[in-house]
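Here's a quick tour for someone meeting this structure for the first time. Have a look at the model, then read on.

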Amino acid sequence: MSHSMFDLFKIGVGPSSSHTVGPMVACARFANDAETAGILEQVYAVKVDLYGSLALTGHGHATDVACVMGLMGEMPDSIDPDNMETLVNMVKGTSELPFAGQRFVPFDWDEHIEFHMAEVLPEHPNGMTLTALDENGSPLVSKTYFSVGGGFVVQQGENEALADDVPLPYPFDSAEQLLTHCRTNQLSIDALMFENEAARIAAGKTPTDKDHQLVCKHIDAIWGVMKACIERGIHQDGELPGKLKIRRRAKAMKQRLDTQKEEGCPVDTADYVNMYALAVNEENAAGGRVVTAPTNGAAGVIPAIVAYYDAFVSPGNTQGIRTLLATAAAIGSLYKTNASISAAEVGCQGEIGVACSMAAGGLAAAMGGTLEQIENAAEIGMEHNLGLTCDPVDGLVQVPCIERNTMGAIKAINAVRLALAGDGQHSVSLDSVIKTMHQTGLDMQSKYKETSLGGLATNVIPINVVNC
Ligand code: SF4
């Protein structure tokens, strides 16, 4: 299945796509369905049950807040992150919430959201059941959803791998198919992605120039949100929320780089790449507006690479940025189809590893790489992230997550350097490395897959726990 660019790049809020964006989407969908079914007047309470990784790391990922926002009908791409605290205080202060934004029902934060720490639903580690209760406390409707990574949500019984609902000119399930389409039709990967995306907009009709322009407009808007996130991140300081008391670093790094430049001292582009990635992931950790790329935990890698391209490789090249993002999305679609972008399923290789691979392929394309070099760059980007575990300390998307984005971005640049230094010949195909990542993820013990029950999460003690 070929995924839309705008499913791989979704505008959302921090700190997590699977634990914040996905649950908000599921709850909003549940509320909207209740409204559509005409049962709002019969609803006297709503209950949220969280299972598996959603329960284990839900507090650190603000899953409860996301669920409440969703039940109120808010969506990640439109909610004002700055207004969320006010809404939370309103619900906690009044002990009621406007279900679907309309019907006020009693809501006790501790009673109506239950974290089932020891239970995992069989279908997926990120499970949640939503129930609307009538005046007698009996279930009116109950639905189970799975947040399967990157903000994607599947309802129990739905098949996530449903075929595209509109015929695409160039459908692809593997890198081999993707590259064959490109070679046969003399297309670049980004041109192919633009044709598929225009076909989605045209919905069965022949795409017009307007449809193509709309694709450009959407992709430019995605970069606009990424860029705004970097801008905000480099102007904020202070501590990030949570027990770890992590200090933001992007602003200080910018000030240091500005001073170095003013004094005529040499500056290293790597420092800028680090700064861009830190800025995005500090914003994400603070619950700010970010683009899932392909997840929130890994949201800084691709913006850092686009910003690097825009600042140091080809300044002001809008078409180059579109090429970078569209090619990255094609690569992300391959991981989504054939492996996973959910850390709860495959560990951090499914987040930072995938983002690094996407960024490497995208940058190689924007720098004029051949199809073989692009595939090579994307493959290298994942090959050296294989086995990467997910072990967020205290369940917060901060340690190791924020720094890990800098590593993913720098690794992507090196992958491109290696790929462009060669002629495209390589022994490990992108399809092979995707398969390997998936197998490695399935073999990984569950404690290393976004549960905070292993790795750094068990060896680093939050400061205020030490003080207690
Ligand atoms: S360790 Fe990696 S996968 Fe896990 S939350 Fe952090 S960034 Fe996401």
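Let's sort residues into kinds: Ala, Val, Leu, Ile, Met, Phe, Trp, Tyr, Cys and Pro count as nonpolar, Asp, Glu, Lys and Arg as charged, and the others, Gly among them, as polar. By that scheme, the shell around the ligand has five nonpolar, one polar and three charged residues. The model is predicted, so local features need pLDDT of at least 70, side-chain atom pairs count only at pLDDT 80 or more, and totals for chains, interfaces and linings use all residues. Residues are numbered from 1 along each chain, and side-chain values use heavy atoms, without hydrogens or water.

Who surrounds the ligand? Gly297, Ala343, Cys348, Glu351, Cys390, Asp391, Pro400, Cys401 and Arg404 do, each with a heavy atom within 4 Å of it.

Now the cysteines. There are zero disulfides here (pairs of cysteine sulfur atoms within 2.5 Å). Cys216 is in none, and the nearest cysteine sulfur, on Cys182, is 17 Å away. Two cysteines count as buried, meaning under 20% relative accessible area with a 1.4 Å probe, protein chains only:

| Residue | Relative accessibility |
|---|---|
| Cys216 | 18% |
| Cys348 | 9% |

Finally, the domain assignment (automatic or from a database) gives domain 1 (17-155) and domain 2 (175-464). Their centres, taken over C-alpha atoms, are 29 Å apart.

Terms used: Buried < 20%, exposed > 50% of the residue type's maximum accessible area, 1.4 Å probe, protein only.
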